[in-house]
Amino acid sequence: MRYRAAAALPYSDTARATAGLRGRLRIMARADGAAPDWSTLMVKGPVEVPDLRGRAWFEWTATVEADASHGSP
């Protein structure tokens with residue numbers, strides 16, 4: 001099973017964005033009783049998008065594969 005998470009953040013720090021997206025992916029996989037395979041993690045971004053006031057936001061997406069047979073009950 002593949003999980004996808006997205007976030008719009010006010011910074012372009014790859015490490016911070018990845019940490020946050022990993023947390024979201026972990027929650028989604030565990031809710032299904034699956035365990036994320038972090039070796040399949042793919043993070044894309046940032047894509048800079050201005051808000052209505054012209055400030056930059058950075059959009060990120062991440063995907064990870066998970067195996068339900070190795071998850072928590």
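A salt bridge here is a side-chain nitrogen of Lys or Arg within 4 Å of a carboxyl oxygen of Asp or Glu. Some ground rules next. This is a predicted model, where local features need pLDDT of at least 70, side-chain atom pairs count only at pLDDT 80 or more, and totals for chains, interfaces and linings use all residues. Residues are numbered from 1 along each chain as its sequence is written, and side-chain values use heavy atoms, with hydrogens and water left out.

How many salt bridges does a search of the whole structure find? It finds 2.

Take aspartate 51 with arginine 55. Their closest N and O atoms are 3.0 Å apart. Aspartate 51 is partly exposed, at 21% relative accessibility. Arginine 55 is also partly exposed, at 47%. The cut-offs: buried is under 20% relative accessible area, exposed is over 50%, partly exposed is in between (1.4 Å probe, protein chains only).

Now arginine 2 and glutamate 65. Here the closest N and O atoms are 2.7 Å apart. This pair links distant parts of the chain, 63 residues apart: arginine 2 sits in strand β1 (residues 2–9), glutamate 65 in strand β3 (residues 56–67). Helices (H or I, at least four residues) and strands (E, at least two) are DSSP runs, numbered from the N terminus. Arginine 2 is exposed at 60%; glutamate 65 is partly exposed at 26%.

On to the core. A nonpolar core is a set of buried Ala, Val, Leu, Ile, Met, Phe, Trp, Tyr and Cys residues joined through side-chain atoms within 4.5 Å. The largest one has 14 residues. Tyr3, Leu21, Leu25 and Trp60 have the most contacts inside it. β1, α1 (14–31) and β3 each give two or more residues. β3 supplies the largest share, 5 residues.
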